[in-house]
Amino acid sequence: MTDPQDAIDAESAARASERDPRIDARTAGEVQEGIPFVGAGPGDPGLLTVTGKELVESADLVVHAGSLVNSELLEEHCEDAEQVSSIGKDLEELVPLMRDAHESGRSVVRLHSGDPAIYGAAVEQMDALEYEGIPTYIVPGVTSAFAASATLRTQLTLNGVSNHVAFTRPQGKTLDPEDDHIGEFVGMGDVTTCVYLGTHAVGETMDRLLEDGHDPDTPVAVVYHASWPDEEVIEGTIGTIGGRLEAAGYRASALVVIGDAARKAGYERSYLYDGWANRGGTESEADD
Ligand SMILES: C[S@@+](CC[C@H](N)C(=O)[O-])C[C@H]1O[C@@H](n2cnc3c(N)ncnc32)[C@H](O)[C@@H]1O
């Protein structure tokens with residue numbers, strides 16, 4: 001097998017000089033030739049897309065994201081398939097596993113948690129497979145921030161409160177402190193900041209926000225296992241959430257939502273359902 005880094009470099013270079021014709025020929029959600037990278041959604045099997053469900057139900061091999069994919073979903077939809085967890089496997093192991101199965105005529109699905117486009121490391125696997133001549137494509141899923149907002153019964157954008165959403169992660173082993181932008185997003189005021197991969201670091205993250213002078217009363221909600229049967233919500237503020245989370249003991253699998261939208265407080269009626277047309281708004285603007 002080609003070194004995965006060489007494959008990534010070669011695929012990246014090819015993209016720089018030639019547009020992938022499939023971008024124009026295919027639509028998102030369309031079943032295509034090759035290995036689909038399917039978003040399993042946040043956990044509840046009902047939140048898998050119809051296309052995702054059809055693909056995993058007809059798969060011979062499902063390579064899934066381990067404990068981030070609800071075992072109920074695997075039992076319900078992949079009962080007849082060989083199931084392999086990707087946890088602890090590197091590209092050198094994963095790519096030949098999927099390639100060999102595909103080349104021997106087996107139907108392979110790569111099942112990511114949530115949506116593969118968010119902290120999924122899907123593209124490097126896709127590039128390594130494409131370099132080996134195996135087409136790949138993405139079937140989107142419900143990312144955990146959307147499940148968390150549904151749990152909180154809120155919107156991530158909320159008129160008069162939040163016009164923007166940041167999907168982000170905190171500094172740690174794989175992100176340098178200078179690349180941690182949580183403080184900047186929170187400081188913007190009208191951003192709902194959704195922190196992935198940060199359950200273990202909520203206390204430290206909040207301490208940094210406090211040190212940087214952010215309002216300690218800013219609402220924060222931590223949604224553990226959004227959409228799973230053991231889902232839990234811990235609510236607080238930048239000043240209080242660290243202690244509350246420590247008491248709860250969660251170290252992983254939670255989504256941290258920072259900003260007033262988490263509490264659905266102080267929003268204003270939108271223009272959309274307030275005589276929008278009478279104000280001269282057009283349908284396309286309303287859609288935007
Ligand atoms: C490697 S990232 C994968 C994210 C995934 N691709 C998505 O779109 O949700 C894993 C992180 O996603 C978040 N996460 C995944 N599933 C979750 C769930 N059901 N509830 C809350 N957070 C979840 C957690 O922050 C976890 O640390």
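**Entry 1: a word to sort out before anything else.** Ala, Val, Leu, Ile, Met, Phe, Trp, Tyr, Cys and Pro count as nonpolar, Asp, Glu, Lys and Arg as charged, and the others, Gly among them, as polar. I also noted that this is a predicted model.

**Entry 2: the shell around the ligand.** With those classes in hand, I sorted the shell around the ligand and got 14 nonpolar, 11 polar and 1 charged residues. Which residues come nearest to the ligand? Of the 26 around it, they are Gly114, Thr143, Ser144, Ala226 and Leu255.

Entry 3: I looked up the domains and found the protein chain divided into domain 1 (4–141) and domain 2 (145–263). The contact between them takes 7 residues from domain 1 and 9 residues from domain 2. On the side of domain 1 that touches domain 2, I wrote down 4 nonpolar, 2 polar and 1 charged. I also have 28 Å down for the separation of the two domain centres, taken over C-alpha atoms.

So where does the ligand lie relative to the domains? Both domain 1 and domain 2 give residues to the shell around the ligand, so the ligand shell lies between them.

Entry 4: I picked helix H3 (residues 50–57) and checked which of its residues are buried: they are Gly52, Leu55 and Val56. Looking down the axis of H3, I see these buried residues fall within an arc of 95 degrees, so they line one face of the helix.

What covers them? My list includes strand S1 (35–39), strand S2 (61–64), helix H4 (71–77), strand S4 (108–112) and strand S5 (136–139).

**Entry 5: stepping back to the protein chain.** Of the 288 residues, 37% count as buried. Along its principal axes the C-alpha trace spans about 60 × 50 × 40 Å.

I then checked the radius of gyration. A compact globule with 288 residues would have one near 19 Å, and the protein chain has 21 Å, which agrees.

Definitions and conventions
Residues numbered from 1 in each chain as written. Predicted model: local features only at pLDDT ≥ 70, side-chain atom pairs only at ≥ 80, totals over all residues. Buried ≥ 20, exposed ≤ 12 C-beta atoms within 10 Å, placed from the backbone. Helix = DSSP H or I, 4+ residues; strand = E, 2+ residues; numbered from the N terminus. Arc of directions from axis to C-beta. Contact = placed C-beta atoms within 7 Å. Near = placed C-beta within 6 Å. Domains from an automatic or database assignment. Rg over C-alpha atoms; globule rule 2.2 N^0.38 Å.
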